[in-house]
Amino acid sequence: MEIVIIGSGTGVPYRRRGAPAAAVKIRGCLVLFDLGAGTLRSMLNYDLNFNDIDILCLSHHHPDHVGDLIPFLFATRYALGYTRQHPFWVLAADGFMNFYGRLQNAFGQWLEPPPGLMQVREFSCDREDEFTLADLRIRTAPVNHIATSLAYRLEAGGKAVVYSGDTDWSDSLINLAQGADVLILEAANPFKVPGHLTPVEAGRLAAQTGVPRLVLTHFYPPCDEMDVVAACAQTYAGEIVRAEDGLCLRV
């Protein structure tokens, strides 16, 4: 399993960090968590191709997490650039099809991939849910951000990685991450903002999961004015990695 952090920032335009997105390459499959603005172009810098996205997992519908969904869907219609022949999956919370329908109202047929190419699976916003594709298992759990926010757990080959999306303290996320190898967890600000975690809170939450490796991400610019790893280490004793765009980890 190989993890690539494509965007470690937020919706704030920031030279150092792109909008949220993380890729996992596992057993010939490319899984993408979120698709913030600029993700498709940034993928090319890390030898990732939008043609190869097998599963797109959307944590919620805030603009900084779905900004490149419109150009992605539009690009599937461009015969000279999109060569994929087999379907890709979009995984999201209940209500995604209503959201997609509103995008179609704005852009019409330009957001309609060729017939049969896009498959959609919606997940419960009230309880854990799951999805399997070949030998990949993806579990979801609602988290404390907005009503349709989900965290994802990807399992394959005896390994597991959990992606929090945006979240405040969530017991459901702690349960989802039990026994995982890596937790990719937001630590948005050094000061408390409802719906998000501080680095200290992120460490405290991770400590309750028992994961051995914690990747902190989704940084607003003030986080780059402090030592987020040291702050997190006050409450978490495992390995802490400060995400940067292009960070690559093997599990």
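Colleague: Which residues of strand β3 lie on one side, and which on the other?

Modeller: This is a predicted model, in which local features need pLDDT of at least 70 and side-chain atom pairs count only at pLDDT 80 or more, whereas totals for chains, interfaces and linings use all residues. Residues are numbered from 1 along each chain as its sequence is written, and side-chain values use heavy atoms, with hydrogens and water left out. Helices (H or I, at least four residues) and strands (E, at least two) are DSSP runs numbered from the N terminus, and buried means under 20% relative accessible area, exposed over 50% and partly exposed in between (1.4 Å probe, protein chains only). Both faces of β3 are covered by the structure, the buried residues being Cys29, Val31 and Phe33 on one side and, on the other, Leu30 and Leu32.

Colleague: In β4, which residue is the bridge partner of Phe33?

Modeller: Two strands pair if DSSP finds at least two bridges between them. Strand β2 (residues 21–26) runs antiparallel to β3 and is joined to it by five bridges, with Ala22 opposite Phe33. Strand β4 (residues 53–57) runs parallel to β3, with four bridges joining the two. In β4, the bridge partner of Phe33 is Cys57.

Colleague: Where does Asp34, with its positive phi, lie?

Modeller: Most residues other than glycine have a negative phi. Asp34, by contrast, has a positive phi near 70°, and with a relative accessible area of 0% this residue is buried. Its place is in the loop between β3 and α1 (39–45).

Colleague: Where is His218 placed?

Modeller: His218 also is not a glycine, and its phi is positive, about 60°. At 4% relative accessibility, His218 counts as buried. The residue is found in the loop between β12 and α7.

Colleague: Which residues of the largest nonpolar core touch the most other members?

Modeller: In soluble globular proteins, nonpolar side chains tend to be buried together. A nonpolar core is here a set of buried Ala, Val, Leu, Ile, Met, Phe, Trp, Tyr and Cys residues joined through side-chain atoms within 4.5 Å. Among the 31 residues of the largest core, those that touch the most other members are Ile55, Leu154 and Val215.

Colleague: From which strand does the largest share of this core come?

Modeller: Leu154 is in contact (heavy atoms within 4.5 Å) with residues including Val31, Phe33 and Val161, its neighbours within four places in sequence being left aside. The largest share of the core, four residues, comes from strand β9 (residues 150–156).

Colleague: In β11, which residue is the bridge partner of Val161?

Modeller: Four of the five residues of strand β10 (residues 159–163) are buried, so the strand is largely enclosed by the rest of the structure. Five bridges join β10 to β9 in an antiparallel arrangement, with Glu155 opposite Ala160. With strand β11 (residues 182–186), β10 pairs in the parallel sense over three bridges. There, the bridge partner of Val161 is Val182.

Colleague: Against which elements do the buried residues of α6 pack?

Modeller: Helix α6 (residues 199–209) has buried residues that include Leu205, Ala206 and Thr209. After the helix comes Gly210, with a positive phi near 80°. The buried residues of α6 pack against α5 (171–176), β11, β12 (213–217) and α7 (228–233).

Colleague: How many residues apart in sequence are the parts that Asp168 and Lys192 tie together?

Modeller: A salt bridge is a side-chain nitrogen of Lys or Arg within 4 Å of a carboxyl oxygen of Asp or Glu, and Asp168 and Lys192 form one at 2.7 Å, N to O. Asp168 is buried at 12% relative accessible area, whereas Lys192 is partly exposed at 40%. Asp168 lies in the loop between β10 and α5 and Lys192 in the loop between β11 and α6, so the separation of the parts they tie together is 24 residues.

Colleague: Which residues are linked in a network of salt bridges?

Modeller: The structure holds 18 salt bridges. One of them joins Arg137 to Glu130, with the closest N and O atoms 2.9 Å apart; Arg137 is partly exposed at 31% relative accessibility, and Glu130 is partly exposed at 36%. The residues linked in the network are Glu128, Glu130, Arg137, Arg139, Arg153 and Glu155.
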